[in-house]
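Dear colleague,

I am handing over the structure we spoke of, and I would be grateful if you could read the notes below with it open beside you.

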Amino acid sequence: MSDEEYMQLAYQQACQARDIDEVPIGAIIVKDGQIIAQAFNQKESTHDVTAHAEMIAIRKACQKLGTWHLDGCVLYSTLEPCLMCSGAIIQSRIEKVVFAAKGQRWHGLSNYLESHEFNHYPQIISGVLEKQCCLLLSQYFKSKRNH
């Protein structure tokens with residue numbers, strides 16, 4: 001499958017978040033062409049500040065593989081991972097991160113990697129299905145402001 005097809009699956013996860021009134025962000029993790037984890041934001045429903053889509057997907061992938069080393073894995077996220085998620089990405093040694101929309105309000109993975117030295121740098125691809133994912137986010141926040 002292509003990056004666009006995998007991102008479409010992450011987008012579907014984001015829609016599930018929206019449907020339960022969570023910020024619509026979705027993530028999937030792929031290894032050797034197989035989806036090993038998928039998740040969506042659950043901060044509000046779980047009352048857990050760490051329940052970002054990426055963090056949940058990373059946890060699931062580690063459990064599925066029986067290791068915290070996610071070498072050879074690709075993370076797809078509908079929004080650029082935040083600093084917390086970036087730390088987990090680097091620690092788990094995810095090989096590649098593909099994201100749709102660039103974060104507007106917070107520094108994210110690309111800023112973090114540019115301004116610090118690490119022992120692992122994932123490959124980063126941005127802008128995959130960017131318009132579609134940005135629209136989902138902007139529509140969600142617009143609906144929140146109109147209530």
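This is a predicted model: local features need pLDDT of at least 70, side-chain atom pairs count only at pLDDT 80 or more; totals for chains, interfaces and linings use all residues.

Helix α3 runs over residues 53–65, and its 13 residues span 18 Å from the first C-alpha to the last, which is close to the 18 Å expected at 1.5 Å a residue. Within α3, the run Ala53, Glu54, Met55, Ile56, Ala57 and Ile58 is buried, and so are Ala61 and Cys62. The cover over these buried residues of α3 includes the strands β1 (26–31), β2 (34–40) and β3 (73–79), together with helix α4 (83–92). After α3 comes glycine 66, with a positive phi near 70°.

Aspartate 21, which sits in the loop between α1 (3–19) and β1, has a positive phi near 65°. Its relative accessible area is 41%, so aspartate 21 counts as partly exposed, given that this class lies between the 20% limit for buried and the 50% limit for exposed.

Arginine 93 belongs to the loop that joins α4 to β4 (96–101), and its phi is likewise positive, near 65°. With a relative accessibility of 23%, arginine 93 is also partly exposed.

With kind regards

Note on methods: Residues are numbered from 1 along each chain as its sequence is written. Side-chain values use heavy atoms; hydrogens and water are left out. Helices (H or I, at least four residues) and strands (E, at least two) are DSSP runs, numbered from the N terminus. The expected span of a helix is 1.5 Å times one less than its number of residues. Buried means under 20% relative accessible area, exposed over 50%, partly exposed in between (1.4 Å probe, protein chains only). Contact means heavy atoms within 4.5 Å.
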